[in-house]
Amino acid sequence: MSTAGFNSQNGTGTGQAYANGPSQNPVGLQQLPGVSYGMTHQPTYNPMQAKAPAPPGPGLYPTAAYQSGPPVSSYQSGPAHTSYPPPPGQPLLTRPAMGTPPSHTPPQSASPNHGPRMPLPRATPPPPAVSSSSYYSNPQQQPIAPSWQYNTAPAPMGPPPSLSAPPCGPLANHTNPSSSSTVPPPPTLTAYSSPQPAYGSHSATQPPGPRMPSTSHLGYTQPGAAPPPLNPMLSHTYQPSRPAYGPPPTGPPPLGPPPAGPSPAMTSTPPSTAPPLANVTPPPPKADAQCREAVNSTLSPTEPDCQESDIECPGTLAGNGPQSPNNFNSIDNKMAGLPQPGLPGRHLGHYPSLPPGYQNAAAPHKPTSPMHPTMQAATQPYSQTTQPYQQPHGGPGPAQLSPSLAALSLQSSSPEALRVVNLLQERNLLPPGPIPAPTPCLPQDLQKINCNPEVFRCTLTSIPQTQSLLNKAKMPLGLLLHPFKDLSLPVVTSSTIVRCRSCRTYINPFVSFLDQRRWKCNLCYRVNDVPEEFMYNPVSRSYGEPHKRPEVQNATIEFIAPSEYMLRPPQPAVYLFLLDVSHNAVETGYLTVFCQSLLDNINALPGDSRTKVGFITFDSTIHFYNLQEGLSQPQMLIVSDIEDIFLPTPDSLLVNLNECKELVQDLLRSLPSLFEKTMETQSALGSALQAAFKLLSPTGGRMSVFQTQLPNLGVGALQSREDPNQRASAKDIQHLSPATDFYKKLALDCSGQQVAVDLFLLSSQYCDLASLGCISRYSAGSVYYYPSYHHQHNPAQVERFQKELKRYLTRKIGFEAVMRIRCTKGLSIHTFHGNFFVRSTDLLSLPNVNPDAGFAVQMSIEENLDDMQVVSFQAALLYTSSKGERRIRVHTLCLPVVNSLSDVFAGADVQAMAGLLACMAVDRSVTASLSDARDALTNAAIDSLSSYRQSVLTIQQPGLLAPACLRFFPLYVLALLKQKAYRTGTSTRLDERVFAMCQLKYQPLAYAMLMIHPALYRVDDLTDEGALNINERTIPQPRVLQLSVEKLSREGAFLMDTGMVLYLWIGRNCHPNFLTQVLGVPSYATVPENLYLLPELDTAESQRIRAFIGWLRDQRPFFPTLHVIRDESQLKASFMQNMIEDRTESALSYYEFLLHLQQQISK
Amino acid sequence: MIALTMIARVVDGLPLAASIEEDEQSGRDLQQYQSQAKQLCRKLNTQSPDRCTLEAGDMDFHYLIAQGICYLCLCEASFPKKIAFAYLEDLHNEFYDQYGKKVNTAMRPYSFIEFDTYIQKTKKTYVDSRARRNLGSINTELHDVQRIMVANIEEVLQRGEALSVLDTKASNLSTLSKKYRSDAKYLNTRSAYAKVAAVAVFFITLIIYLRFWWL
């Protein structure tokens, strides 16, 4: 940023900066349908393109393209295959024995690919030709695969390029690591594996020592250190471990060899066994090698090689599961994985009609296990990898076996994220606990300091090298941020903040120091000088170690900004409350709660001695309150001229809180009674907002608006647009966009004057949130909605309002903030989601920033990231704290760049994708239509899965196949389709729908995910097993259940956590013990109707469940209300609507949805 | 009217506290004056006159330096100078009382921004014409105000700039001359080579000529 940039950053500058804003606004904020929704129309995520590649495939693919493409060819031939083509279980049955035996063999092909890097294998077993054939088959299939709706759209990018690209990729990956000192390129498993194949071939010829491999691994992991020459050595080492597995599946063209192969491997003395196998026949050894690889990677704990591999890329290994038994995913996978292998053969025929896997997931496992007892024992921990292996035996006849074996071998070593899952057969995918964010495949030292995924997350943890590769993957690329999350951060005070001179990036852990005095920016690659001051490290009090400074040790850090970062003195904390006091408002009784809350928390408002507060109430007129020091009581000033609003007195409407606290408290005590008898029903919200804006514009600050009805007087008056009879219609939902631009314009004015508007909507009727919400959306405020709020009839809402208001009043706040997100040259950010105003291309204006706000951005790849191993993203948030300090909070995220499609898939972060898609769908439904948005969501799932099937899977198999990392994708998409925001056919109030959309855009991912996919727990049998212990409280951790009625039982009690609401469902035959111990009622029939509080009983059961619920609530900034429901309860319907895996009148069940996807994919 | 008040540390120009009159009322854009005020604070040093009035268009800056702290305010030109300086004196007394000892240890800008509350209150009493009458006693003490130096803000701000321009020009000149020197050297060597080459060519042709045609 140039100095000019600074100015704009400061944000206070009203004049120019502001001017820019509004004008840009239309462009930046209202995204045209095409633009905003990258998925369908845009080049960035071009479904089209992806399809395009396929067609050429059949013809082109045959030899050249594929061979060149390292990922595919290399894999098949070498052990690498196993790693990449993850699908352990899938391939087996389906394929006729195309070229299975050959596929393994082609060492030649593998070696060429790696050629540059690797020394040629001494003995190259040459069964090459065959292998290639197997590949071809795939391509052919690809063309066949039907293109989805996306196809229709024009494909900007050329798909073919993607094919060509891959070849380069592998080389680059491998070479880079060694060459580049800074970034050990992410030895993800995949990367890792790919090299292996080459080794494997070598190994076959030479009996390698077990130890050797370890060194080789190191070489890989630490790019800088490992010289290329070492590779040959490495290859040897690898062999021993891997071989074991390989043979059984693929190697032994006939079954003979395989059994032997596996068993040795299992024994855990790979080296000894390996040599003999190798001798037998060239092909088999390779297979063995592959297998062993797989084994090693999984079994690693016992073997040295593996351990080292751990060091290299901890993240990936952990993902695999073997290493970390604790890991939920891995365990889960086991569960899921096992059934697959056994069943496939039998079910192939039926499965379209029946969900075979669904009922008996566990069963299949047993039958297979007997076959290889040793295997199982060894593999169990690593179930995923081993399974494929087992399958062959249990499965179909020999003819089928051979192909399937080949597939297996390939997949056996694949990283966990790429393990193929047949969604139609695996039902129990959900892990028992929360799903952790995937770990980018970065070297450990980088990963250790990388940004916390709760703060900064990318939908693809491995960034594709080119836009065409991204288009081919058909997954959305974007970032999700929670920049102002409550954290305790290292704070740096220094007179100069070290930044890149050309791109203004803040110095961060991912820059490289060329020497003591120079550093290279990781975003634009400019070399900068290290200022003298930076040489001194205040933490260690040492000199000359710039890389030990806190800025270079922490990916998230906060700076105290020098005066260059402010255009005006830091503003004081200013809070203005705008209260609706019409008859309707008084009826709801919210005023009492508000005043009491504010009285209770008045000393906890963030701020210093300059803090100012003010109050305005309004019905058909505007009432100001003069709170000037010295008055004996507050003075009300009424302005009835709402057409041309003015301030009755220039000062003393906003007063210093410390000096006038008495008066403010007086006012709060008298306010509720002041309007008790009002009969005024009209509401002049627009004028009140204008008045409030005038009051706040000199300083900026926060305006909190409490509104209970549709504004119907003066400027900004609205009319009811909702037809209650249409709520349930399956046709398109109208009126999702604002009815007037008054609120948006006013919000932009506010934004220019550093005023944010927070809206509290407490209403039982339609309030046109779609229009009113604009006031908060563009001024970076937040929206709270309490449907059917009433102080007597709806105590649950009252409690929620109280709790949330308390949090709202006391939470941290940043004023006059701006946020800029930078990314490495070649990437560009094009669409933002959240509440803010885009002031210039990448600068978000945030008059207020609060710790509960989340943001999302979409990205595209503008230039190829050819020579980069990693890319970085940096979000810098400049704000004024409530204490008048100007601070900069900087988050930096570093991600690896990959060049093969399978690596891209392996790095997919399905939760982040769901979150980003939800944001994109909101834009789409506003700019186009809801049905468009729904289609786009479905297409997103279809596209990515079909792309996966066409481009990554080497062996086709019936079923709906997904890599393990995407196994929740269809579920989340279905959940989104059934979410309040997007559902059709179910009665949904327009305001609630719009509110849900606001929430999806505004909530940080962790909370949004619960809104999308609620969590269901069985709570009548809570135990302390596996419980957390926090602050001496024991918090049980029940297993997360699938959202299906079949999981409910009449004998139990279930808790559903939807983020904003908790439902406690009591089964009809629930154990009386639970009823008495927890609910304090003698029988089911006596469970009260509107129970929203659990009685505080002194029983273990009660304590457990209350601890659990309390823990759930503590984790989020809003307050989920609890509803205890029985079968007869009114709320049962909304509880059941969250059972997203079940069928409803208007929506598909999960299984039907999967079938639909499958149909579209194979069309 | 006092539009802007700023308190800064003289040594490094670090702003310590400030107050801005709402520009909504006066309708004036203070942005430019603010940056001038900031620059001014950076220019001032311990050698600067203690009290000075700087004219900037239809506004005047008045500043007062005491105990290493600079108090600066921006008023309309018509605003009585006496009162402006009385106001600054007042600020100094209070500020030095409250924060005097902490001034030298302040690290971040606007460390004492909370003093703003006092500034605003004081400002009101000085700006309010009714209250002004009560300040008569103070005014008389400041009779020497007439002797306060008056200068133009532009001159003050540009004084340093002229020097820096000179400096850059000089350095440009020296780099240019260096470049000229190296260029000249290069040209010299080149012409020398050319001469040698010409002579060599001549002799070679001569030899060849002698060898093939002469004999």
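## Helix α37 of chain A

Let's start with α37(A), a helix spanning residues 742-752 of chain A. Helices here are DSSP runs of H or I with at least four residues, strands are E runs of at least two, and both are numbered from the N terminus. In this predicted model, 9 of the 11 residues of α37(A) are buried, so the helix is largely enclosed by the rest of the structure. Buried means under 20% relative accessible area, exposed is over 50%, and partly exposed is in between (1.4 Å probe, protein chains only). Among the buried ones are F742(A), K744(A), L748(A) and G752(A). After the helix comes Q754(A), with a positive phi near 65°.

## A747(A), a residue inside it

Now zoom in on A747(A), which sits in α37(A). A747(A) is buried, at a relative accessible area of 0%. Setting aside residues up to four places away in sequence, A747(A) touches C774(A), I775(A), Y778(A) and S779(A); contact means heavy atoms within 4.5 Å. S779(A) is 32 residues from A747(A) along the chain, yet their C-alpha atoms are 5.1 Å apart.

Which way does α36(A) run relative to α37(A)? The axes of α36(A) (residues 685-696) and α37(A) come within 11 Å and cross at roughly 10°. That makes the two helices roughly parallel. Axes are lines fitted to C-alpha atoms, for helices over the stretch in contact, with angles from 0 to 180 degrees between N-to-C directions. Under 35 degrees counts as roughly parallel, over 145 as roughly antiparallel, 65 to 115 as roughly perpendicular, and the rest as oblique.

On the α36(A) side, the contact includes L689(A) and F693(A), and on the α37(A) side it includes L746(A) and D749(A). The contact residues split into 7 nonpolar, 2 polar and 1 charged. Ala, Val, Leu, Ile, Met, Phe, Trp, Tyr, Cys and Pro count as nonpolar, Asp, Glu, Lys and Arg as charged, and the others, Gly among them, as polar.

## S704(A) in a strand

Over in strand β17 (residues 701-707) of chain A you'll find S704(A). S704(A) is buried, with a relative accessible area of 1%. Apart from neighbours within four places in sequence, the contacts of S704(A) include L576(A), L578(A), D758(A) and Y808(A).

## Reading the numbers

Residues are numbered from 1 along each chain as its sequence is written, and chains are lettered from A and ligands numbered from 1 in the order written. Local features need pLDDT of at least 70 and side-chain atom pairs count only at pLDDT 80 or more, while totals for chains, interfaces and linings use all residues, and side-chain values use heavy atoms, leaving out hydrogens and water.
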